[in-house]
Amino acid sequence: MSDHEENIGRRIARYRNLAGYTQQTAADAIGINKNSYARMERSGTPKPDVLKKLSDIFNVPVQVLLYGESDNEITAQAPTSSALKDIGFDIKQDEPLVLTT
């Protein structure tokens with residue numbers, strides 16, 4: 001399966017496995033319970049603060065967790081402002097969107 005076909009939850013699970021974490025150890029590392037963590041991997045809708053923590057513990061950029069690894073896929077899958085607002089990002093209309101880790 002390519003990054004383009006994966007959802008955020010599947011990418012999170014893949015990077016968790018690559019980093020050697022179980023769902024329980026990843027949940028403990030970011031301060032949530034295992035059931036919440038498992039639900040996030042299934043639904044693919046982490047909150048921004050959780051996404052940042054996952055990025056830190058898995059040592060991958062937030063952009064990779066959100067969109068995949070290649071620049072082309074990141075551009076092709078760039079979400080709308082309303083989609084980002086739905087998951088908790090504060091989007092300003094006249095400012096460029098920059099995701100940092």
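How many of the residues lining the largest pocket are nonpolar, polar and charged? The lining divides into four nonpolar, three polar and two charged residues. Here Ala, Val, Leu, Ile, Met, Phe, Trp, Tyr, Cys and Pro count as nonpolar, Asp, Glu, Lys and Arg as charged, and the others, Gly among them, as polar.

Before we go on, this is a predicted model, where local features need pLDDT of at least 70, side-chain atom pairs count only at pLDDT 80 or more, and totals for chains, interfaces and linings use all residues. Residues are numbered from 1 along each chain as its sequence is written, and side-chain values use heavy atoms, leaving out hydrogens and water.

**Two packed helices**

Helices are DSSP runs of H or I with at least four residues, numbered from the N terminus. Let's look at one pair of them.

| Helix | Residues | Members of the contact |
|---|---|---|
| H2 | 23–30 | Gln23, Gln24, Ala26, Ala27 and Ile30 |
| H3 | 34–43 | Lys34, Tyr37, Ala38 and Glu41 |

H2 and H3 pack at an angle of about 105°, with their axes 8 Å apart; angles run from 0 to 180 degrees between N-to-C directions, and axes are lines fitted to C-alpha atoms over the stretch in contact. The two helices are therefore roughly perpendicular, a label for angles of 65 to 115 degrees. Contact means heavy atoms within 4.5 Å.

**A glycine in H1**

Gly9 lies in helix H1, residues 8–18. With 0% relative accessibility, Gly9 counts as buried (under 20% relative accessible area, using a 1.4 Å probe and protein chains only). The C-alpha atoms of Gly9 and Gly44 are separated by 3.7 Å, although these residues are 35 apart along the chain.

Terms used
Angles under 35 degrees count as roughly parallel, over 145 as roughly antiparallel, 65 to 115 as roughly perpendicular and the rest as oblique. Buried means under 20% relative accessible area, exposed over 50%, partly exposed in between (1.4 Å probe, protein chains only).
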